[in-house]
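I set out to look at how two parts of one chain meet. My notes follow the structure.

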Amino acid sequence: MTRGSARRSFLMPALWIPAALALALLGLPLVALVVRAPWASLPDLLSRSEVIQALALSFGTASIATLVSLVLGIPLALVLARSAEWSVVPRRVLRALVTVPLVLPPVVGGVALLLLLGRRGLIGQFLPFTIPFSTSAVVIAQVFVAMPFLVLAVEGAVRASDRRFEVAAATLGASRWTVLRRVTLPLVAPGIAAGSLLCFTRALGEFGATITFAGSFPGVTQTLPIATYIELQRDPDAAIALSLLLMAASVAVLVSLRDRWVPGLTA
Amino acid sequence: MKCLAVAAVLALTGCAAPGAEPPPELQGTLTVFAAASLTDVFDQLAHEFEADHPGLDVTVNYAGSTALAQQLVQGAPADVFAAASESAMDIVTDAGLTAHPVVFATNTIELAVPPSNPGRVDDLSDLERPELAVALCAPEVPCGEASQRVLDHAGVIPSVDTFEQDVRAVLTKVELGEVDAGLVYCTDVLASGNGVEGIEIPGAEEFETRYPIAATGTANRAAAAAFMNWVLSPAGKELLGDAGFGTP
């Protein structure tokens, strides 16, 4: 008997039921959303100017947040990958700082951002302009919540890449900048692409930190998730339509991910 | 003025039965869904009610009234619903979940500004100044409806920076000093203590908000009825009055 078939026969009876339950828990809510969607009135609901406005704001801010995350996050990922050579304390502090926004409730992130960048915040009180309730506040909240996804994806790719190519390039006389540009970044490009997509979808779905730090004003700070939440109080059908839109956007991003970028995320 | 609080703390003894007749021993749990603006006073009401009924465990869930109403319609298990507007209660009655809600309190919209009033806000018309940061409740929630009526009456078109999902979110933004002014209920100004300064709006009491309460569940009918009786009792009204609520 081969090892593979032994494992398969062991899997069969014991694990199928909980696995099916887990799958139902993950999949059925989305099925309900699709089934209960007001398909007939969907074109009307989704073509209203508030919806277009929220959609444009969400995609615009999430794109900027992803760009900011790329510019700031890739260097951070490189530092994080090299931190393996550091001593224990700074290494762990750095990793914790990068990981905390992933596990922190986003509302807490929003409160923390207010206390830092609000009008009376640690830094905000010295600024000549106010950040909360502006579109930049939306982007900052999204970067706070979504950048760690990019950093960890890129860092994973850097660690998995073969450093001997960099060493070889350096030996052949390439400057550090050339090594980074011509060797390191191309090697981790799949990780960067996957990280950007995850970062973008997370930014697109951001709710808690945004509503706390940036507030909610149509066209300025009211992103699609916030519009969905507020619409749920007035017109549940409209909220379902918006939810469907967000789900479609997320699924589209997932489908566009390639297996070679993120093994395990796509079949 | 409805909102001038009686500063004296009334010694309401925990052992005095709130209802007229001695109630039967209540058991189990009682789940109350209450409007965000009722936060502090319903904590007190629930606490005293629990003290009178040691066998009973009262849980109060606070949120915007319309959000709570939608949750109830979707099957959220609550025994009592106390809403900040009759339109929010209508969502629940229209769904056939309850009948005969009773109005137990009223409230008035007031301007709230951070201590020392950095934006130098004097009256409602200051909300039109574009340089001020202003927070209002979203028009979908009761405090937003009430604020809009007051603004319409005064002919003020505010330059709003954020529409918050419930009145306590507006209050928090004022307390943090992130906005120069917000429209909240006068009870929220009282609840905030020194956190905000309140500015009364002349004529706002004509547009008072009415708070209906109704039993919405089947799980613990006896406890729900007893709790509603307690809220509507003289002692209950006294607590509501201390928090700045008017009585119908």
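I took the centres of domain 1 and domain 2 of chain B over C-alpha atoms and found them 25 Å apart; the domain bounds come from an automatic or database domain assignment, which gives 30-106 + 209-242 for domain 1 and 109-207 for domain 2. In contact (heavy atoms within 4.5 Å) I noted 13 residues from domain 1 of chain B and 14 residues from domain 2 of chain B.

This is a predicted model, in which local features need pLDDT of at least 70 and side-chain atom pairs count only at pLDDT 80 or more, while totals for chains, interfaces and linings use all residues. Residues are numbered from 1 along each chain as its sequence is written, chains are lettered from A and ligands numbered from 1 in the order in which they are written, and side-chain values use heavy atoms, with hydrogens and water left out.

I next looked up the buried area (the accessible area, 1.4 Å probe, that two parts lose on being put together, summed over both), and between the two domains of chain B the value is about 920 Å², with carbon and sulfur atoms giving 51%. Of the area that domain 1 of chain B buries against domain 2, Ser37(B), Thr66(B) and Thr209(B) supply 43%, more than any other three residues.

For charged pairs I counted one salt bridge between the domains, taking a side-chain nitrogen of Lys or Arg within 4 Å of a carboxyl oxygen of Asp or Glu. Arg168(B) forms a salt bridge with Asp40(B), with 2.8 Å between the closest N and O atoms. I sorted the residues of domain 1 of chain B that touch domain 2 into three nonpolar, eight polar and two charged, where Ala, Val, Leu, Ile, Met, Phe, Trp, Tyr, Cys and Pro count as nonpolar, Asp, Glu, Lys and Arg as charged, and the others, Gly among them, as polar.
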